Amino acid sequence: MKSLLSTLVLTTALTMPGLAMARQVTLTTNLTSYGGDGAYLALYVTDASDTYVGTLWMAGGKSKYYNHLTGWYRATGGDTAQVNGITGASVGAGRSLEITLDLADALFDAGYTLHIDASVEDMRDSPNEVSVPLTSGGRGTLVKGRRYIADFSYDM
Amino acid sequence: MIRAFHRWPGLLALALVTVLALSGAALSVFPAADQLTAPQAEAGLTVAQLSERIQAVYPTVEQIRRAPSGRITAYWFENDSPGAAVIDPATGAGAGLADPNKVERWLTHFHRSLLLGDAGRLVMAVGALAMLILSVTGAALVARRAGGWRHWFAPLRGTAPGRLHVEIARIAVVGLVLSSVTALWMVAVTFEVLPENAAMPDFPAEVSGETGIAFADMAVIGITPVDTLRELSFPYPGDPTDVFTLKTDQGTGYLDQGTGALLAWADLSLWERTSETIYMLHTGQGATTLGLVLGIMALGVPLMGATGVLIWLAGRRGRPRIRGNSAKGRAETIVLVGSEGGSTWAFAATLHAALTQAGQSVHLAPMSALDPARYGRAERMIVLAATYGDGDAPASAKGFLDRLNALDRAPEIPLVVLGFGDRSYPAYCAFAKAVTAAAQAKGWPGLMAMGMIDRQSPQEFARWGRDLGQAMGIALDLIHQPVLPRTKALTLISRRDYGAEVQAPTAILRFALPRVSLWQRLAGQGFARFNAGDLIGILPEGSPVPRLYSLASARRDGFVEIVVKKHLGGLCSGQLTALEPGDTVTAFLRRNPDFQPRGDDGPLILIGAGTGIGPLAGFVRGNARQRPIHLFFGIRHPSSDFLYGEALRDWQSKGLLTRLITAVSRETQPQYVQDALRGDAAQVAQLIRDGARVMVCGGRDMAAGVADTLAEILAPAGLTPATLKAEGRYVEDVY
């Protein structure tokens with residue numbers, strides 16, 4: 001477990017290309033036109049026993065709002081070290097977020113689940129907008145979100 | 001120094017601060033509107049009861065939030081689609097759309113970042129900082145001008161923009177400081193300079209694993225009143241490991257969905273509490289009245305901006321460029337200037353030019369640059385000193401007295417001091433007097449007695465120049481034109497003559513209104529707007545130095561009227577009293593805002609003698625509101641120089657004038673106006689105790705006599721002319 005985690009953190013935090021036993025994965029998140037400010041999105045992974053493993057991306061730069069990403073905040077205790085170097089801007093309504101990462105092969109087909117929590121200022125918090133198992137077969141499949149995310153897919 | 005710190009942020013950040021203030025004022029309305037429109041929960045309603053009601057209507061409710069305005073919003077999912085509504089707490093049913101107000105959101109973004117993201121936030125933070133600097137330096141200036149913080153609300157004098165600027169500022173400054181400090185705090189939190197990490201309890205490791213407890217059986221929310229609620233989040237459907245999350249104004253906790261037990265709790269951290277209070281103070285959310293008050297105060301900012309620019313422009317126009325200023329080590333005459341607004345510099349420039357023309361080498365510098373050790377070739381020093389507020393040093397003279405007192409011994413070159421001031425202030429030329437006293441105490445030799453110039457009088461300055469020239473053994477002609485005024489030709493339409501029999505030939509001269517341009521009319525400049533008590537400057541033929549006369553009419557009277565007494569050998573009065581209808585003179589208008597019967601409808605006591613009746617008669621003529629006016633008028637003989645005699649009786653019969661008391665000096669028992677006052681002491685004292693305003697116009701000796709008499713009359717009531725002057729209730733127009 002520990003080695004897996006460190007691989008994950010290494011690959012996500014430093015996004016080292018060409019790492020052995022890793023593959024390049026593109027995550028695409030399209031937002032609905034929900035009519036509000038830019039959304040904060042936390043993309044993170046839990047294992048088969050629902051234990052937090054690591055964060056892949058944090059869209060939204062102000063850590064004072066992170067407690068509205070309820071699932072992520074509970075899992076990490078709001079630890080901003082988890083998103084060092086993998087933080088970007090919040091995503092506007094109707095826009096899409098595309099990120100490409102090197103993810104360890106071992107993350108796929110092993111019971112890991114990718115979650116996205118979303119939150120918008122002055123609107124509802126939406127933990128677990130998306131939760132999708134990471135499998136080689138699931139690539140390219142569109143997954144609907146609950147409130148702010150129109151659809152999400154990963155490709156490699 | 002403070003003035004510079006007020007002026008430059010004000011001018012540079014003017015647009016930014018105005019944008020901040022206007023958008024802030026607009027935003028201040030929303031919390032109040034929210035509170036008025038949102039259905040409020042009844043007193044004593046608990047979170048459990050509210051949740052029950054809402055869940056009965058929306059079974060899939062997943063979050064309930066309460067805004068500081070009392071508005072309750074519920075969020076749910078039904079058939080996989082999200083729903084939200086503002087809730088009427090009495091029924092639990094939806095009572096309106098939960099979508100955020102688009103206008104408010106746009107304004108909020110504009111207010112905090114000009115819609116430009118983080119860069120915009122920083123720009124607006126600079127604006128907030130500018131507002132704070134302006135507030136603090138402005139407050140210091142107001143306090144200094146009024147003569148201390150105790151006199152914060154002392155009556156104001158000066159030009160209309162100056163008065164309006166301070167009038168607004170001394171009320172609005174509280175709100176502006178509060179708004180700008182809280183704004184800076186919020187920016188610091190946003191950029192994580194200050195921490196604001198919500199204290200969240202650790203998520204419970206173990207839960208009961210059961211689900212489905214009734215709200216009524218849940219201990220904590222059963223006793224939590226709705227008005228302390230922030231947010232209640234329901235457990236994720238079908239996940240027995242999830243919990244209820246309750247946020248109140250005390251903190252955050254997790255509740256078991258099977259037993260209702262409080263699994264974990266964290267109080268709000270001190271930082272959170274502080275930040276929430278600051279957020280409330282800034283936005284008015286949860287403090288709507290305060291929000292509205294702050295919004296109204298913010299509306300003063302654009303007005304202060306506009307008047308501030310006018311004040312700055314007026315000061316700039318008055319400051320001349322100095323050509324050919326000698327170095328201090330080579331100059332024969334050192335001229336030091338203590339000026340606040342810049343007008344004394346203009347006099348200094350005139351002196352500099354005249355001395356230079358007379359062959360002198362002159363060094364001109366601010367008083368604060370006093371440096372006797374380096375005046376190697378100087379033969380004399382001339383100090384021109386204005387006064388600020390209650391006798392303080394003006395801006396360019398800061399530190400002069402300290403430097404003087406720190407000298408080992410007084411310089412050997414003789415000193416000349418000339419004070420500039422306004423005789424209607426109690427501290428007339430007080431700083432110049434303090435300089436003279438300090439110099440004498442040091443044993444500094446003087447060249448001539450200290451001179452004083454009242455209200456920038458060019459005549460007095462020219463007279464002083466002749467005295468100075470005599471003392472220096474040169475011919476010195478000081479022709480000072482403060483600001484080149486735009487002159488008009490005034491045509492005489494009628495004249496009435498008085499006083500020839502008592503050796504005081506006097507004329508009431510009435511001129512036609514000159515034509516004014518459209519621009520002047522719109523801007524209220526020049527003869528487009530004037531009142532009795534304002535001044536006109538007449539440029540006599542043969543002299544470039546204007547003579548000032550008080551106006552006896554207002555624009556709405558439809559003519560320009562002055563009262564002129566012919567002085568023996570007087571150039572200007574000679575020409576004026578020789579005018580026949582149809583003749584013209586060259587004149588300009590100068591406002592005299594301090595000598596106006598401003599204020600409420602309280603009684604007026606007008607005191608004047610001779611030609612001093614002019615503006616006072618004008619006030620009576622314009623007294624359409626029939627404010628009580630008691631006029632004390634000193635004349636020589638009723639059959640000869642009773643100026644406005646018939647008109648005054650007419651105005652009295654029409655109720656414009658309450659009482660006319662004359663004092664006649666050429667009778668068997670000569671009476672002066674101060675005698676008439678003394679004869680009426682009881683009523684005068686009573687009127688003043690009741691808030692009457694006293695206005696005195698006439699010769700200097702008469703005014704001094706009146707002040708002494710009033711001091712006598714008022715002593716039993718514990719009042720003095722000085723205290724009345726400080727309150728702005730005793731004003732003089734003296735010549």
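This is a predicted model: local features need pLDDT of at least 70, side-chain atom pairs count only at pLDDT 80 or more; totals for chains, interfaces and linings use all residues.
Reader: Which residue just after α15(B) takes a positive phi?
Author: B:G473 does, with a phi of about 75°. Helices here are DSSP runs of H or I with at least four residues, strands are runs of E with at least two, and both are numbered from the N terminus.

Reader: Which of its residues are buried?
Author: In α15(B), they are B:P458, B:F461, B:W464, B:G465, B:L468 and B:M472. Buried means 20 or more other C-beta atoms within 10 Å of the residue's own; exposed means 12 or fewer, partly exposed is in between, and C-beta atoms are placed from the backbone.

Reader: Why do they line one face?
Author: Down the axis of α15(B), the buried residues fall within an arc of 120°, so they share one face of the helix. The arc is taken over the directions from the helix axis to the C-beta atoms.

Reader: And what do they pack against?
Author: Three elements of chain B: α12 (343-357), β12 (415-421) and β13 (451-454).

Reader: New topic. B:K247: buried or exposed?
Author: B:K247 counts as buried because the residue has 20 C-beta neighbours inside 10 Å. B:K247 is in strand β6 (residues 243-248) of chain B.

Reader: What does B:K247 touch?
Author: B:R230, B:E231 and B:T252, leaving out residues up to four places away in sequence. Contact means that the C-beta atoms, placed from the backbone, lie within 7 Å. The C-alpha atoms of B:K247 and B:L232 are 6.3 Å apart, with the two residues 15 apart along the chain.

Reader: How many helices and strands does chain B have?
Author: Chain B has 23 helices and 24 strands. Of its 735 residues, 41% are buried.

Reader: Now chain A. What is the strand order in the open sheet of four?
Author: β5-β1-β9-β8 of chain A, with antiparallel pairing. Two strands pair if DSSP finds at least two bridges between them. The edge strands, β5 (96-104) and β8 (143-144), each pair on one side only.

Reader: How many bridges join β1 and β9 there?
Author: Six, between residues 22-31 and 149-155 of chain A. A:T29 stands opposite A:F152, and A:L31 faces A:I149.

Reader: How many residues lie between β8(A) and β9(A) in their hairpin?
Author: Four. Two bridges join these antiparallel strands, and A:V143 has A:F152 as its bridge partner.

Reader: Last one. How many residues of chain A contact chain B?
Author: 16 residues of chain A are in contact with 16 of chain B. On the chain A side, α2 (70-76) and β7 (125-133) each supply at least two residues.

Definitions and conventions:
Residues are numbered from 1 along each chain as its sequence is written. Chains are lettered from A and ligands numbered from 1 in the order in which they are written. Two residues are in contact if their C-beta atoms, placed from the backbone, lie within 7 Å.
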